[in-house]
Amino acid sequence: DEELEKFTGGAEHILLMYSYIIAGGLLAIGIRFAGTERLDTRDLILSHLMGFMKGRCGNLGLPLRSARPTTALCIHAAVLALGCLMAGSGDEETLAVLRELWKREDAGYGQHMAVGMAMGLLFLGAG
């Protein structure tokens, strides 16, 4: 539909919007289940996080072309959701993913901030 194409700017913009919807949903899930350490929920968040890290629209596998700022913000939201969910657990798999993100060459200040906050939540009350 030509009118929809003019309004949205094409399929790429729809994927960008959908990525933000996924990231917001992940953050809501992380807050809702904060501190519960549910492994099924952790795996859901991790699957979407891995997709965002590969430049894709969550775990859907749809590539996001020229959308680096979008994927960065989605990674930040997913990381904070993961930190909230696993708060106080010290989960090793979560820590491994966070350390991988911390060491990325293309990580900016915002990503380091989000990963640092998630690590703090992961070990909340441990020392």
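**View 1. Packing of helix α2 against α4.** Helix α2 (residues 11-32) and α4 pack with their axes 7 Å apart and at an angle of about 15°, where axes are lines fitted to C-alpha atoms, for helices over the stretch in contact, and angles run from 0 to 180 degrees between N-to-C directions. The two helices α2 and α4 are therefore roughly parallel to each other, given that angles under 35 degrees count as roughly parallel, over 145 as roughly antiparallel, 65 to 115 as roughly perpendicular and the rest as oblique. In passing α4, α2 makes a left-handed crossing (the near helix is turned anticlockwise from the far one by less than a right angle; clockwise would be right-handed). L16, S19, Y20, A23, L26, L27, G30 and I31 of α2 make the contact with T70, L73, C74, A77, A78, L80, A81, C84 and L85 of α4, contact meaning heavy atoms within 4.5 Å. By class, this contact of α2 with α4 has 14 nonpolar, three polar and no charged residues; Ala, Val, Leu, Ile, Met, Phe, Trp, Tyr, Cys and Pro count as nonpolar, Asp, Glu, Lys and Arg as charged, and the others, Gly among them, as polar.

The model is predicted, so that local features need pLDDT of at least 70 and side-chain atom pairs count only at pLDDT 80 or more, while totals for chains, interfaces and linings use all residues. Residues are numbered from 1 along each chain as its sequence is written, and side-chain values use heavy atoms, with hydrogens and water left out.

**View 2. Packing of α3 against α4.** The axes of α3 and α4 cross at roughly 160° and come within 9 Å, which makes α3 roughly antiparallel to α4. The crossing of this pair, α3 and α4, is left-handed. On the α3 side T41, R42, I45, L46, L49, F52 and M53 meet T71, C74, I75, A78, V79, A81, L82 and L85 in α4, and the residues of this contact divide into 12 nonpolar, two polar and one charged.

**View 3. The largest pocket.** About 190 Å³ of space lies in the largest pocket (on a 1 Å grid over the protein atoms alone, a pocket is an open set of points where a 1.4 Å probe fits, with protein on both sides within 12 Å along at least five of seven lines, and lining residues have an atom within 4 Å of a point; the volume is the space filled by probe spheres set on the points, which are joined across faces, edges and corners). Of the 14 residues that line the largest pocket, R68, T71, A72, D106 and Q111 are the closest to its centre. Helix α4 gives the most to this lining, with five residues.

Conventions
Helix = DSSP H or I, 4+ residues; strand = E, 2+ residues; numbered from the N terminus.
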